[in-house]
Amino acid sequence: MSMHEDYNGGHLIEAAVAYYNATGKRQLLDVAIRFADHFGSLFGPGKRHWVTGHQELELALVKLYKVTKEERYLKLADWLLEERGHKHAAGYTWTDWRDTAYAQDVLPVKQQTQITGHAVRAMYLYTGAADVAAITGDSGYFKAMTAVWEDVVHRNMYLTGGIGSSGSNEGFSTDYDLPNERAYCETCASVGMVLWNQRMNQLTGDAQYIDVLERSLYNGALDGLSLSGDRFFYGNPLASNGQHYRREWFGTACCPANIARLVASLGDYVYGHAADGLWVHLFVGSSTTQTLGGQKTAIRMQTAYPWQGGIQLLIDPENKTRFGLHVRIPGWVREQAVPGDLYTFVKTGNVALEIKVNGKPIAYRIDKGYAVIEREWKKGDVVQVDLPMEVKRVTAREEVKAAQNRVALQRGPLVYCVEGADNNGQAWNLILPDDAPITAGFRPDLLGGVTALSFTAPTVEVAPDGLSVQTRTKTITAIPYFSWCNRGQNAMQVWLPRKIQEVKVNY
Ligand SMILES: [Zn+2]
């Protein structure tokens, strides 16, 4: 039980709950219940102590509680969380022979303030803690998670929303240690960031968590999947000399299944609702029907995001009804790259955002990162939001050594990279001057249709004599990070040198 058994058991429960919710069929749910009851007959208050080897069972038990309404599953999840950090289970568990920091088992969860160890284990742990806290109202978990979240986002997250820079422990090392080519950045850890940040948003109503969720979703997580849908990255580096490529499968096959279910469950992340309000978290062509202000209300979203910033919301209540429509204004619109100051945009000054209802600009208030439009809605109302989509330059804090004297590019939620496939096989030989204009254009022919960036830049190349180098000016193409490595193995880079000293030329 000390390795992945609890993890696998948790995923069995999750699969059973998903299957039951989708089909109403109980076969697999009954199997999951037998597993959970068996586990609960061995472990729990007054029984054996236990620390799960790879967290996941905690959040799965909360899902089982929600579908069965059986309190014992919620209590078991809470108990498993409380077991960590006490060394109760000495002699039995994973953490006896591995570093306890690896499995977030140094301190009780409620006393934790620092992110440590294995990144995916940590994400599942805090997601489970958030799920329990959401039901029990336990502020101890929430306080700990807020501190740990800040430790992750302020000091230990890649620009792509990926986490866990170190391959040796598949996890965290020291603050600001964020190497590019050696970035581990497991796909599952980015998926875990999506799971955890959704819970943090649900607990607080704060859009800053969706900002991080969106960054991890569109960049660190989505990169794990090839455009063909059948090749996978386990690690997601931010620079490559061509040694990286997506594979069909892995001996430890967590990432393929995890990214597949994340994409399939995208609908769970788009909207939130309460009796008197609808929240639009993500901008995805979609529809939902909710009871808002007592009236069944259909909402349809039409958008070409993230390629374009136009978002249209069609509101159709059965009868007139009053509710608040909360539309997330992404942090990148307000020129805040990430919560905290790990990464900063070079300011463009364009943060004006107009929202129209039925063609007329309207006043709105901002609450926790959402534009709130409170009014009486009627059938056929149309809300139009236009997010400004300029290309932004990003820099990192000076403690991030791997990004020093470098700049990255972001447009909307997408982080960009330069890939050899677009640039004569080279991606490491260019300088992006601070004053070089960057243009964006949609290219239907490229990578299934992406908005590409282009700019003119000095490149350093081997001269025809083969002995010296020469500088030439070239037009460089940058593509969304998630779409790289779909045209064979080749060089790639996210953080581009601003100075010639940072350029590396392959002889
Ligand atoms: Zn994985």
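**A walk from E335 to the zinc site**

E335 sits in the loop between β7 (321-328) and β8 (343-345). Helices (H or I, at least four residues) and strands (E, at least two) are DSSP runs, numbered from the N terminus. The model is predicted, so local features need pLDDT of at least 70 and side-chain atom pairs count only at pLDDT 80 or more, while totals for chains, interfaces and linings use all residues. Residues are numbered from 1 along each chain as its sequence is written, and side-chain values use heavy atoms, with hydrogens and water left out.

E335 has a positive phi of about 65 degrees, although it is not a glycine. Its relative accessible area is 6%, so E335 is buried; buried means under 20% relative accessible area, exposed over 50%, and partly exposed in between (1.4 Å probe, protein chains only). K69 also is not a glycine and has a positive phi of about 65 degrees. K69 belongs to the loop between α3 (57-68) and α4, and because its relative accessibility is 63%, K69 counts as exposed.

A363 is placed in the loop between β10 (360-361) and β11 (365-367). Its C-alpha atom is separated by 38 Å from that of F455, and the two residues are 92 residues apart along the chain.

In soluble globular proteins, nonpolar side chains tend to be buried together. The largest nonpolar core here has 157 residues, and within it L325 and F455 touch the most other members. Helix α5 (residues 119-136) gives the most to this core, with eleven residues. A nonpolar core is a set of buried Ala, Val, Leu, Ile, Met, Phe, Trp, Tyr and Cys residues joined through side-chain atoms within 4.5 Å. Not counting residues up to four places away in sequence, L325 touches L278, V280, L313, I315, A371, V372, I373, W377 and V383; contact means heavy atoms within 4.5 Å.

Aromatic rings come next. A pair of aromatic rings is described by the distance of the centres and the angle of the planes. The structure holds 14 aromatic pairs. One of them joins F233 and W484, which are stacked at 5.6 Å centre to centre with 25 degrees between the planes. F233 lies in the loop between α8 (208-221) and β1 (239-241) and W484 in the loop between β19 (469-480) and β20, so this pair ties together parts that are 251 residues apart in sequence. Both F233 and W484 are buried. F283 and Y305 form an edge-to-face pair, 5.1 Å centre to centre and 70 degrees between the planes. Rings of Phe, Tyr and Trp (its six-membered ring) pair if their centres lie within 6.5 Å; planes under 30 degrees apart count as stacked, over 60 as edge-to-face and the rest as tilted.

F283 lies in the loop between β3 (277-280) and β4 (286-292) and Y305 in the loop between β5 (295-303) and β6 (310-317), so their pair ties together parts that are 22 residues apart in sequence. F283 counts as buried at 1% relative accessibility, and Y305 is buried with a relative accessible area of 7%. The peptide bond from Y305 to P306 is cis, with omega near 5 degrees. An aromatic cluster is formed by F35, F39, F43 and W50.

Buried polar side chains are the next topic. Q493 lies in strand β20 (residues 491-493) and is buried, with a relative accessible area of 5%. Its side chain makes a polar contact with the side chain of R406 (2.9 Å). A polar contact is a pair of N or O atoms within 3.5 Å; within protein, one must be able to donate a hydrogen and the other to accept it, and residues adjacent in sequence count only if both atoms are side-chain atoms. A polar atom of the Q493 side chain also lies 3.0 Å from the backbone oxygen of A427.

Q104, in the loop between α4 (71-83) and α5, is buried with a relative accessible area of 1%. A polar atom of its side chain lies 3.2 Å from the backbone oxygen of H118.

The last stop is the zinc ion, coordinated by E186 (OE), C188 (SG), C254 (SG) and C255 (SG) at 2.0 to 2.3 Å. Donors are N, O and S atoms within 2.8 Å of the metal (3.2 Å for Na, K and Ca); water is not among the atoms, so sites may look incomplete. The angles among the four donor atoms are 100 to 121 degrees, and the site is tetrahedral. Four donors count as tetrahedral if all angles lie between 85 and 135 degrees; four count as square planar and six as octahedral if opposite donors are over 155 degrees apart and all others between 65 and 115; anything else is irregular. C254 counts as buried at 15% relative accessibility, and C255 is buried with a relative accessible area of 1%.
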